[in-house]
Amino acid sequence: MTVQDIRSFNRFYTNVIGALDYGRHLYAPYTLTESRVLYELAHSPRTDATDLRGELSLDSGYLSRILNKFEQHGLIERTPSERDPRRRRITLTRQGRETAADLDERSRESVGALLATVPAGDRPRLAEAMHTVRALLSPRHPAPGARRHREDVVLREPVPGDLGWIVQRNAALYAAEYGWNTDYEGLVARIVADFAEDHDPHLERVWIAELAGRPVGCVMCVRDDAPGTARLRLLLVEPDARGLGIGDRLVEAVVGFARDGGYRDLVLWTNDVLTAAGHVYRRHGFSLVAEKPHRSFGADLVGQDWRLDLHVSPG
């Protein structure tokens, strides 16, 4: 591998991206960078300018001009941050969410058209190759004691092997932390298998949180049996990656996706021993609607049903 090899690949990939027409009408009337900011706001609704600068590596002056433009167009609102009064929290308005959803749909259609040119049998190789490039060129594992930052975490779609990782890590983590037996592993395996075998990518999705080239968290959004209702499932964050806001980002991603997908309600089932997860759900507007004792996974538990009305705008 030489510098010339990488430069040659960059020229090839730039031409591929150019074929998607990023520079002309795909994101009109916004630029690619402006569309990236809208996308980030749609998937991280509790963010501020500092977070955006770090997430997108943007100059502060340039980002300020973009945000001023969005505010003039009625796409965003700025309110005092709950985390730091010196900061201003940035959220999309209803018009902003609709604009972001429209741009995202155009992008999905364009990328889908590109992907359609790749034979189905070659797509797993393409996905694995893209994952390999990302993993190898991402920052390596931090040295012991090195500080990790929120912006080091990437949310991405699963690649081959990730669904198996979800089953394995759920089983191992809940056995280690709560003593749950293999009944739980069987439940997770069925949930994941159902998704893998039959899901609508416009209405159902899995997110993988990646840090330093390795998966450290996951969550799933699937259709519920009740009409107009989505279900959040299998939220997990690795112990050594906690404290970076990964759980919040994963839940934010599901809420935004479900709202943009036209669902009326988002529900989930969990157990009262998962107190940290409960705090995350409550922060994002979920209400605890029912509790019921049960014995499952080799333990006496209290199951909980939570619900979020997606017609209520984020507070």
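This section describes the open sheet and the aromatic pairs of a predicted model.

The sheet comprises 7 strands in the order β4-β5-β6-β7-β8-β10-β9, is open, and shows mixed pairing. Its edges are formed by β4 (153-156) and β9 (287-296), each of which pairs on one side only. From one strand to the next, the twist averages 20°. Helix α10 (residues 275-283) packs on this sheet and touches β7, β8 and β10 (299-309); the direction of α10 makes about 10° with that of β10. Within the sheet, strands β7 (residues 229-237) and β8 (residues 265-271) run parallel and are joined by 3 bridges. Thr229 stands opposite Asp265 in β8.

The structure holds 11 aromatic pairs. One of them is formed by Tyr174 and Tyr184, whose ring centres lie 5.0 Å apart; because the ring planes stand at 65°, the pair is edge-to-face. Tyr174 belongs to helix α7 (residues 162-178) and Tyr184 to helix α8 (residues 182-197), so that the pair links distant parts of the chain, 10 residues apart. Both Tyr174 and Tyr184 are buried.

The pair of Trp207 and Phe257 is likewise edge-to-face, because its ring planes stand at 80°, with the centres 5.5 Å apart. Since Trp207 lies in strand β5 (residues 205-211) and Phe257 in helix α9 (residues 246-260), the pair ties together parts that are 50 residues apart in sequence. Trp207 is buried, with a relative accessible area of 2%, and Phe257 is buried as well, with a value of 9%.

How values were computed. Residues are numbered from 1 along each chain as its sequence is written. This is a predicted model: local features need pLDDT of at least 70, side-chain atom pairs count only at pLDDT 80 or more; totals for chains, interfaces and linings use all residues. Side-chain values use heavy atoms; hydrogens and water are left out. Two strands pair if DSSP finds at least two bridges between them. Helices (H or I, at least four residues) and strands (E, at least two) are DSSP runs, numbered from the N terminus. Axes are lines fitted to C-alpha atoms, for helices over the stretch in contact, and angles run from 0 to 180 degrees between N-to-C directions. Contact means heavy atoms within 4.5 Å. Rings of Phe, Tyr and Trp (its six-membered ring) pair if their centres lie within 6.5 Å; planes under 30 degrees apart count as stacked, over 60 as edge-to-face and the rest as tilted. Buried means under 20% relative accessible area, exposed over 50%, partly exposed in between (1.4 Å probe, protein chains only).
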